[in-house]
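Subject: A structure for you to explore

Hello! Here is the structure I promised to hand over, with my notes below it. Please keep it open while you read.

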Amino acid sequence: MTTVDRALGILELFSGNQPEWTVEAAAQTLGLSQSTAYQYFRSLVESGLLSTYKTGRYVIGPAIIELDRQARQHDPLIRAARDSMSALGAMLRGDDVVLLCRLYKFTVMCVDQRAPHAPRQQVSYERGRPMPLGRGAASKVILANLPPRVLRRYYERTYPDTLNPSWAEFRKPLREIRKAKFCITYGELDRGRVGISAPIFSEGEIVGSIGLVLSESPSDGGELDANTRNRVLEAGLQVSEALDALL
């Protein structure tokens, strides 16, 4: 394991549900000696990536916030999607939210959001929170467009038990999503919410998705109107074109 791998391993500890760590706990979790772990913690504190919360306890440092600002300003995906997100945002009402998500390892992460005001009901696709590839429209539309070899690796990792869906059963609904070029889900992550997303490609490779999280109305009858679907599809195409033009 390289020095960079160990430093990243320590930082990844803080991305979970435990917001603060001690050197001793991190060393035990990562299989490092306490002296080695301490050296990495000291370097990360000096760089601003970690901060001392109180004696012996550490939290994410201000350099992470600085990097986040840089990402918001300069990430090509975020830049390419600004106009399309604004256009979709003009359609919003109530607790509706526009989501821009990107593929992150074998998860999906929201990197930008738009909403007319702070939603009364928060959505699970919170900015910076890794979400599973197999749940929610924003994730499923990415999963459906993964290259076959990557999709197979995800399947084997996610469904190791032979009692789980077969490879053919797993792929069938994803083929339908890929053919439709968008995905709609109802209440898969948040009760009373409808998700609709379209894929974003860069040079032909899937990189993310753009879409809406809407409040489900009893009058919807289980169907989104064609205008909404077409606007989301158009946004996916526009962001893909804008992204390729930036690269």
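Let me start with contacts. Among contacts in the protein between residues at least 6 apart in sequence, 52% join residues at least 24 apart; a contact here means heavy atoms within 4.5 Å.

A word on the ground rules. This is a predicted model, where local features need pLDDT of at least 70 and side-chain atom pairs count only at pLDDT 80 or more, while totals for chains, interfaces and linings use all residues. Residues are numbered from 1 along each chain as its sequence is written, and side-chain values use heavy atoms, with hydrogens and water left out.

**The overall picture**

The protein has 9 helices and 8 strands. These are DSSP runs numbered from the N terminus: helices are H or I with at least four residues, strands are E with at least two. Along the principal axes, the C-alpha atoms fill a box of roughly 60 × 45 × 40 Å.

Of the 247 residues, 40% count as buried. Buried means under 20% relative accessible area, exposed means over 50%, and partly exposed is in between, using a 1.4 Å probe and protein chains only. The protein exposes about 14,000 Å², and carbon and sulfur atoms supply 50% of that area. Accessible areas come from the Shrake-Rupley method with a 1.4 Å probe, and for residues only the protein chains shown count as cover.

What about charges? There are 31 positive and 28 negative ones, and their mean positions are 2 Å apart. Lys and Arg count as positive and Asp and Glu as negative, leaving out His and the chain ends; each charge is placed at NZ of Lys, CZ of Arg, CG of Asp or CD of Glu.

**A pocket and a cavity**

Both were found on a 1 Å grid over the protein atoms alone: a cavity is a set of points where a 1.4 Å probe fits but cannot get out, a pocket is an open set with protein on both sides within 12 Å along at least five of seven lines, and lining residues have an atom within 4 Å of a point. Grid points are joined across faces, edges and corners, and a volume is the space filled by probe spheres set on the points.

The largest pocket holds about 1,200 Å³ of space. Its lining has 28 residues, with Ser15, Ile64, Tyr104, Met109 and Gly128 lying nearest the centre. Two or more lining residues come from each of helix 1 (3-13), helix 4 (62-74), strand 3 (97-104) and strand 4 (107-114). Helix 4 gives the most, with 6 residues.

By the cavity rule, the count is 1 cavity of 30 Å³ or more. The largest cavity has a volume of about 120 Å³. It is lined by 16 residues, and Tyr125, Thr185, Leu189, Gly195 and Val213 are the closest to its centre. Helix 6 (137-143), strand 7 (193-202) and strand 8 (205-215) each give two or more residues to this lining, and strand 7 gives the most, with 4.

Gly56 counts as partly exposed because its relative accessibility is 34%. Leaving out residues up to four places away in sequence, Gly56 touches Trp21, Thr22 and Val23. Gly56 and Thr22 are 34 residues apart in sequence, yet their C-alpha atoms are 5.8 Å apart in space.

From there, move to Val23 in helix 2 (residues 23-30). Is Val23 buried or exposed? Val23 has a relative accessible area of 7%, so it is buried. Apart from neighbours within four places in sequence, its contacts are Gln34, Ala37, Tyr38, Phe41, Gly56 and Tyr58.

Lys181, with a phi of about 70°, lies between helix 8 (167-180) and strand 6 (183-186). Lys181 is exposed, at 56% relative accessible area. Glu203, with a phi of about 50°, sits in the loop between strand 7 and strand 8, and is exposed at 65%.

Finally, look for Arg93 in the loop between helix 5 (76-89) and strand 3. Arg93 is exposed, with a relative accessible area of 60%. The C-alpha atoms of Arg93 and Leu214 are separated by 8.5 Å, although the two residues are 121 apart along the chain.

Enjoy exploring!
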